[in-house]
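Biologist: I'm new to this one. Can you put it on screen and walk me through it?

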Amino acid sequence: MSAPRTCWRASIASVFPSLVRVAIFGTVIAGFPLPWSVFAQTKPIRHQELSAVSATGHADEDGYVGSTACAQCHANISASFARTRMGNSVTKVSPASVRKLPLPGSFYDQAIDRHFEVFSRNGKLFQSEFAQGADGEETFRATQEVKWIVGAGANGFGGLVQRGASLFEAPLSYYSTPQKWEPSPGYEQQDTGFNRPVLAGCISCHVGRPAPADQDTGKFGPVPFLQASIGCENCHGPGAAHVQAMKAGGSRSTGVHIVNPDRLSADLENDICMSCHEAGDSRVPRPGKTYQDFRPGTPLDKAVSILMVPIKRDAPDAHDHVQHYFEMSMSKCFRASSRQLRCATCHDPHVEPSREEAPDYFNRKCMNCHESSACRLSMEARQKTAPADNCIGCHMPQREAPETAHTSLTNHRILARPGEPWPEEAFEQTTPEMPDLVHLNRVRDEPDDLPAISRLEAYREIGERKPEYADAYQKMLGELEQSDPDHVSVQEGLGKRDLAAGEVEAAIVHLRRAAALSPERAIDQSLLSDALAREGHLDEAIAAGERAVGLDPYHALYQKSLVDHLIEAKQYDKAVAAMEHYMELFPEDDFMRKMLKIAQE
C-alpha cells in the first residue's frame, strides 16, 4: 500500500495495543479447546474414486468395492436400502437435486444482526451471509457453493461447502417440522461464517466412506468422500474378497469372505450399530487408530473407545441424543434377555417403514417376545391412542432434542411407564480401575485394556464441558509425563499446563517437543508461537505462527495471533497484509474490519 501506509506507521504503536490486542488478540491460545478428535493419529487414506472402482469391479487398496458392486447380486436388498435414510445420508448436489429443494430461503439473526440466504443459480446451490449498515448498504457479503447435502430430511438437512482442501458446515439448515431454513447446529449462539470445520470424527457416521487428510482440521483428500451415503460395506465390511470368491464360483449361501451381522455374537453385531449410534460423552480412537479403522465383525473398542460420565441417581432420563445403545442396555428387555437383545432385533437396516407403517411394523417386532394380552391398558384405551394400539408410542416415546433445534429422538430405554426410574444396573457401570468413567463398549469378559493415553483424551474432552473432570485430567497428565512422555498429546497438555501457570520457558520446551513429534498439527505450532512471543522471541513466534496458518488457514484465532505477533515485532506492513488476508477469509468479523480501516487510513 502507498500513501496511507505512512499514517499507519506513525500511529500503529498506539492504535493497535489499545484497540486491537485487548479486544481481539487477548485470547490466550493456551486456553484453546482442542478439536475433540485431535487424539487420533493420522493414517493416510488412499484417495481413489470409489464410484469408478465400483464400475470396474476392482477394489481399492483397503478392499472396498462400493455399493454398486454389491447391487449386481443383491438388487432387491440394494433397492430397498436405497430408500432408507441411511441410504440417503449424504447426496452430492446436482441440478436435479436442487430442483427438489425448498428454495429460495432466508433467515435474519437479530442477535448478531446477520442476514442469511440460500438459493440456486445455474443448477448449483449457494448460501450467503451478509450485513447491512445504517444506510441499508451491505457492509459485506460472503457467498459459498454448497457441494453436499447431509441428512435425508426426517428432521431436516444441512449443507457442506468446500474451501480449498477443507470442508465446512453451511450456516443454514432446513428443518422439516417448521418447514424453515434456520441456523445449523452450532450456529445458534455465534457467527462462524463458513468456517465451522467438518471433522473426521463427526462426518464418519454420515458418509459411507470419507477420506479425511487428517483427524482434526477439516482437511480432506482430492476426493473427500469415496462413497457419499452410508452403504453396504459400512455394516458388512470390505467386499473385495467376497466379490472375488463369488466370481470364482462360490456359493452365495456360505457368505464367503463377508460379514453377515446376523451370524455374529450379539456384542459384535451391536458394535456395528454403536459405531454411529452411541456417542457417550467422549469417543476416543485408540493410539495409532482413526475412526475409519473400525471393521464390522471386530470389536469396536479395538479402534474407538466410547466413554460416558456415570449416571447419577437423581439424573433425568435425558440421554436420547445418540445414546441408543446405552438406553437399550438399560431396558428390561435387554437385561432379561441376558444381553442377547440386539439393535437388529427390532431394526432391519435394509428396510425402513414409513411413518404410517411404523406402528404396525414395530408392534409385530414387540409381539415376537410379548403377548398382546400382557398390555395392562384395556383394548378400548389402546384404540384411543394416536395412532391406535401403538406399542412404541407408549413405551419408546419421542422427545425434543435440546442439542438440536426442531429435532425429535426416540428413547430406547423401553419404559414400562413414563417416569420409570433408572434400574440399579445403571449405577453399577464403572470399575474399580476406572471409577469415574463408564467404558461403554469394552470387550466383555476380557480385562479392560483402555490405554492411559485414551483416558487422558477423554478427561480433556469431558473436562471442557464438566469442570469436575479437570483435576482427573491433570492427574493423568502428570502420570503420563513419567510413563509416556513421547506422546504428542502429553507434551501438548504439559505445554498448555505450564502456559496457564505462567511457566513460559518450561512450556516452550514441551511445545517444541510436541511440534517435533507431530509437525503437521497446527495447534502445536500456534501454542508454541504464543509461548515464544511471551518470552520476546518474536521472530521465532512469527515463524511458528506462519506455520500454524499454513497448516490450517481457516482457523481464525491462528491468524489473529499471527497478526498480534507481527504488530509486537513492529512489522506493520506484514501485519496489515495479514489483516487483509484475514478479512478475505473471515469477512463477517466486524471488529477486524474496523481495525483494518484504521490501519489503512
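Modeller: Start with the contacts, meaning heavy atoms within 4.5 Å. Of the contacts in the protein with a separation of 6 or more, 57% are between residues 24 or more positions apart. This is a predicted model: local features need pLDDT of at least 70, side-chain atom pairs count only at pLDDT 80 or more, and totals for chains, interfaces and linings use all residues. Residues are numbered from 1 along each chain as its sequence is written, and side-chain values use heavy atoms, with hydrogens and water left out.

Biologist: How many helices and strands are there in the protein?

Modeller: There are 24 helices and 17 strands. Both are DSSP runs numbered from the N terminus: helices are H or I with at least four residues, strands are E with at least two.

Biologist: And what percentage of the residues count as buried?

Modeller: 47% of the 601 residues. Buried means under 20% relative accessible area, exposed over 50%, and partly exposed in between, with a 1.4 Å probe and protein chains only.

Biologist: Pick a helix. Which residues of helix 22 are buried?

Modeller: Tyr558, Gln559, Lys560, Ser561, Leu562, Val563, Asp564, His565, Leu566 and Ile567. That is 10 of its 13 residues, so helix 22 is mostly covered. Helix 22 runs over residues 556–568 and reaches 19 Å from its first C-alpha to its last, close to the 18 Å expected. The expected span is 1.5 Å times one less than the number of residues. Just after helix 22, lysine 570 takes a positive phi of about 60 degrees.

Biologist: What do the buried residues of helix 19 pack against?

Modeller: Helix 17 (470–483), helix 18 (488–500) and helix 20 (522–534). The buried residues of helix 19 include Val504, Ile508 and Leu511.

Biologist: Switching topic. How much space lies in the second largest pocket?

Modeller: About 1000 Å³. Of its 42 lining residues, His74, Ile77, His236, Ile258 and His350 are the closest to the centre. Helix 3 (67–71), helix 4 (75–81), helix 7 (232–236), helix 8 (240–247) and helix 9 (266–277) each give two or more residues to the lining.

Biologist: What counts as a pocket?

Modeller: On a 1 Å grid over the protein atoms alone, a pocket is an open set of points where a 1.4 Å probe fits, with protein on both sides within 12 Å along at least five of seven lines. Lining residues have an atom within 4 Å of a point. Points are joined across faces, edges and corners, and the volume is the space filled by probe spheres set on them.

Biologist: How many disulfides does the structure hold?

Modeller: 0. A disulfide here is a pair of cysteine sulfur atoms within 2.5 Å. Cysteine 232 is in none, and its nearest cysteine sulfur, in cysteine 70, is 3.9 Å away.

Biologist: Where is glycine 159?

Modeller: In strand 6, residues 156–163. Glycine 159 is buried, at 3% relative accessibility. Among the residues that glycine 159 touches are Val146, Trp148 and Phe168.

Biologist: Last one. Which peptide bond is cis, with omega near -10 degrees?

Modeller: The one from leucine 103 to proline 104. Proline 104 sits in the loop between helix 5 (95–99) and strand 2 (105–109).

Technical notes
Lists of a residue's contacts leave out its neighbours within four places in sequence.
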